[in-house]
Amino acid sequence: YGMASIRVDGNDVLAVHLATKAARDYAIQNMEPVLIEAMTYRQGDHSTSDDSSQYRAKDEVSKVECDYDPWKRLNSFLIHQDWMTEQDVESMVKEERAAVLQALSKAEQRPLTKLDTMFQDVYHEMPSHLKQQEHELHEHLKKFSDKY
Amino acid sequence: IFQFILHSEASSIIMNALRILNNINKASKARFQCGSRFLSSQTSLEQHNNFHYDEQSHNGAFESSPPEPNMTSLQLQSKSSMNLVASIKNTLSHILEHDPSAIVFGQDVAFGGVFRCTTDLQSLYGKDRVFNTPLNETGIVGMAIGYAAPSSGSDGGLAIAEIQFADYIFPAFDQIKNEASMFRYRSGNQWNCGNMIIRMPYGAVGHGGHYHSQSPEAFLTHIPGIVVLIPRGPVMAKGMILSAAKSKDPVIILEPKALYRAKVEDVPDEEYYIPIGKAEVMKKGHDVTVVGWGRQLTILEKACDMAQSEHGISCELIDLRSLSPWDADTVENSVRKTGKLIVSHEAPITCGFGAEVVASIQERCFLSLEAPIKRVCGYDTPFPLVFEKEYLPSEWKNLEAIKHVMDYSK
């Protein structure tokens with residue numbers, strides 16, 4: 001398509017940073033778009049409904065997990081440079097995991113979204129037929145509250 | 001005219017497809033023999049069934065429609081228990097086996113499909129006939145049209161396309177409306193693309209949210225020139241897919257995804273055909289007529305049972321089966337008997353297919369009605385996520401509607 005492009009190892013944090021920087025400079029200097037093609041690999045399943053072992057070998061995935069994982073590579077690099085220790089990594093993992101679990105439990109304690117929001121934001125202003133349907137639903141729920 | 005972003009994989013698929021068509025034309029005599037083998041068992045069934053018409057009106061939408069199969073007839077007594085996915089898969093396999101021009105394609109069909117409806121088909125019938133497409137619904141339907149339509153170069157073949165979720169049909173809508181549905185009409189019947197089927201899972205599934213729950217049948221039934229079918233389970237699915245394969249018109253089949261694994265039935269091993277354009281009275285009754293299709297029928301069965309056991313109300317439950325064309329005669333006959341009608345579907349109420357049923361029935365037998373016709377449908381909002389339970393036309397909403405029309409008529 002005649003667009004300037006740069007291909008980079010998408011699992012290398014520093015390389016991606018440098019490639020993005022170069023692309024930005026190019027874009028600003030030339031007033032042209034740039035395509036960044038970041039090569040990577042999807043380690044997990046496509047979604048919670050997917051079992052990827054049905055269509056790819058487990059070895060393929062574990063090889064990527066060992067050799068190609070971006071987080072592991074960055075850690076290795078930082079430790080190799082003596083900018084971080086193994087213990088630092090461990091305590092960071094512990095901290096972040098605790099923060100995530102705390103956020104999860106906080107979210108679970110939040111009250112359920114109000115039913116009214118089902119009819120909101122369809123339009124800028126709720127039209128009369130939606131107000132009518134909302135009213136019908138509430139009338140129905142009054143009679144059958146235990147079923148829902 | 002459509003834009004199809006070709007990349008090397010897609011263009012080689014197309015070249016393979018064209019090669020198959022060319023080979024078929026060279027061996028067209030053999031193909032005809034295969035084709036008639038496919039049909040021969042149906043003919044003997046027909047002869048058998050001629051004496052077993054059920055009492056519903058049998059002026060189906062098309063004069064050439066096969067008759068309703070008698071499921072208790074001898075030939076259909078050998079049955080296998082299976083769910084909806086297995087029924088679909090077996091039927092596709094049967095078609096691929098007997099029609100050498102048939103191909104099955106769509107996103108992820110090669111490894112078996114995200115709902116497993118096409119497992120083993122590629123290993124059985126080869127990569128030329130069962131293959132993946134790029135993520136491009138316009139292209140999927142466009143290719144089906146091109147493959148199905150005969151031209152000076154080929155007789156065309158049976159194209160069975162899968163759209164991964166009915167929610168994704170919209171990019172392909174122009175292909176359906178402005179190409180497939182008008183192909184015959186705009187060419188004065190010189191050409192047609194009737195040899196195509198588009199299958200797609202539709203409807204609520206508990207966690208589908210905005211884009212994995214939709215029921216787009218109303219958009220499709222508004223298009224003259226295509227057939228829209230909705231099976232309620234494994235038995236209907238086989239007969240409908242076989243009818244669709246024989247149909248001279250493009251057919252769209254909406255499969256209720258919530259029933260893919262859940263609905264298990266004894267499916268006859270023989271071929272049988274569910275006639276296009278004919279409804280089925282699932283349960284006879286005399287107080288209220290209740291009409292639905294696909295997944296909604298499992299909900300309506302519950303509502304009818306509650307109406308009977310809690311209130312002694314006798315409901316006549318009708319599965320439309322075919323939405324385009326649809327069997328207004330059967331519904332009218334029922335309403336003339338009961339005087340009351342409920343129509344229920346998941347899709348939003350405004351301009352849903354229920355509106356068509358209501359408008360037609362009141363026109364046909366207004367004086368038979370003892371109460372206004374009630375529709376129990378989804379609300380006029382996008383399909384929600386958290387509020388799926390409150391959004392859907394539940395058995396309790398339907399029970400309430402049944403009681404309402406009964407009370408009104410007193």
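Seven strands of chain B line up in an open sheet, in the order β3-β2-β4-β5-β7-β6-β12, with mixed pairing. (Strands pair if DSSP finds at least two bridges between them; helices, H or I with at least four residues, and strands, E with at least two, are DSSP runs numbered from the N terminus.) At the edges stand β3 (130–132) and β12 (322–324) of chain B, each with a single partner strand, so one side of each is left without a neighbour in the sheet. Keep in mind that this is a predicted model: local features need pLDDT of at least 70, side-chain atom pairs count only at pLDDT 80 or more, and totals for chains, interfaces and linings use all residues, while side-chain values use heavy atoms, with hydrogens and water left out. Residues are numbered from 1 along each chain as its sequence is written, and chains are lettered from A and ligands numbered from 1 in the order in which they are written.

- (Axes are lines fitted to C-alpha atoms, for helices over the stretch in contact, and angles run from 0 to 180 degrees between N-to-C directions.)
- One of the pairings is between β6 (residues 227–229) and β7 (residues 251–256) of chain B, which run parallel and share three bridges.
- If you want a spot to look at, L229(B) has I253(B) in β7(B) as its bridge partner.

**The five-strand sheet of chain B**

- Chain B also has an open sheet of five strands, ordered β9-β11-β10-β13-β14, again with mixed pairing.
- Its edge strands are β9 (280–283) and β14 (374–378) of chain B, each of which pairs on one side only.
- Neighbours in this sheet are turned by 25° against each other on average, direction ignored.
- β9(B) pairs with β11 (residues 315–319) of chain B in the antiparallel sense, over three bridges, and V281(B) has I318(B) as its partner in β11(B).
- Helix α14(B) lies across β10 (288–292), β11, β13 (341–348) and β14 of chain B, and runs at about 165° to β14(B). (Contact means heavy atoms within 4.5 Å.)

**Where the two chains meet: α5(A) and α14(B)**

- Helix α5 (residues 128–143) of chain A packs on helix α14 (residues 395–409) of chain B at an angle of about 95°, with the axes 11 Å apart.
- That makes α5(A) roughly perpendicular to α14(B). (Under 35 degrees counts as roughly parallel, over 145 as roughly antiparallel, 65 to 115 as roughly perpendicular and the rest as oblique.)
- L137(A), H140(A) and K143(A) make the contact from α5(A), and W396(B), K397(B) and E400(B) make it from α14(B).
- By type, the residues of this contact come out as two nonpolar, one polar and three charged. (Ala, Val, Leu, Ile, Met, Phe, Trp, Tyr, Cys and Pro count as nonpolar, Asp, Glu, Lys and Arg as charged, and the others, Gly among them, as polar.)

**Chain A**

- β1 (residues 4–9) and β2 (residues 34–39) of chain A pair in the parallel sense over six bridges.
- Between them, the chain passes through helix α1 (residues 13–30) of chain A, and this β-α-β crossover is right-handed. (Right-handed: with the strands pointing away from the viewer, the path from the first strand over the helix to the second runs clockwise.)
- A4(A) stands opposite V34(A) in β2(A), and D9(A) has M39(A) as its bridge partner there.
- Helices α3 (residues 70–80) and α4 (residues 86–109) of chain A come within 10 Å, axis to axis, and cross at roughly 140°; α3(A) and α4(A) are therefore oblique to each other.
- W71(A), N75(A) and I79(A) in α3(A) meet E86(A), V89(A) and V93(A) in α4(A), a set of four nonpolar, one polar and one charged.

- S324(B) and P325(B) are joined by a cis peptide bond, with omega about -5°; P325(B) is in the loop between β12 and α11 (328–338) of chain B.
- R116(B) isn't a glycine, yet has a positive phi of about 70°; look for R116(B) in the loop between β2 (103–106) and α4 (121–125) of chain B.

- The predictor gives the complex an ipTM of 0.79 and a pTM of 0.84.
- Chain A averages a pLDDT of 94, with 100% of the residues at 70 or above. (pLDDT is the predictor's confidence in each residue, from 0 to 100.)
- Chain B has a mean pLDDT of 89, and 85% of its residues reach 70 or more.
- pLDDT stays under 50 over residues 27–59 of chain B, a stretch with 58 contacts beyond four places in sequence.
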